Amino acid sequence: MITRSDIIWLGVSAGVTGSLIGGMMLGIGMDLIVNQQPWGWILLLPAAPAAALPGWLLARKLANNL
């Protein structure tokens with residue numbers, strides 16, 4: 001049975017890991033684009049979906065406990 005604390009920790013861990021991954025990809029990609037290196041778009045464009053990936057994986061792991 002999933003408890004409320006499991007859901008809270010899922011949100012906290014997904015938020016922290018998503019922010020770290022997405023923020024680093026966004027920052028590095030923007031830096032490369034500003035310095036006129038167009039391959040920075042390779043990091044910038046998938047930053048948001050990559051930030052959501054850890055939360056999705058953690059939620060699937062928690063849903064398997066049902």
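How many helices and how many strands make up the secondary structure of the protein chain? Colour the chain by secondary structure: there are 3 helices and 0 strands, counted as DSSP runs of at least four residues (H or I) for helices and at least two (E) for strands, numbered from the N terminus. From the N terminus on, the order of elements is α-α-α. The radius of gyration, taken over C-alpha atoms, is 15 Å, well over the 11 Å that the globule rule gives for 66 residues, so the chain is more spread out than a compact globule. That rule is 2.2 Å times the number of residues to the power 0.38.

This is a predicted model, in which local features need pLDDT of at least 70, side-chain atom pairs count only at pLDDT 80 or more, and totals for chains, interfaces and linings use all residues. Residues are numbered from 1 along each chain as its sequence is written, and side-chain values use heavy atoms, with hydrogens and water left out.

Next, show the C-alpha trace, which spans about 50 × 15 × 10 Å along its principal axes.

Then select helix H1, residues 4–34, and find Trp-9 within it. Trp-9 is exposed, with a relative accessible area of 59%; exposed means over 50%, buried under 20%, and partly exposed in between (1.4 Å probe, protein chains only). Of the 66 residues of the chain, 20% count as buried.

Finally, display contacts, meaning heavy atoms within 4.5 Å. Among those between residues at least 6 apart in sequence, 50% join residues at least 24 apart.
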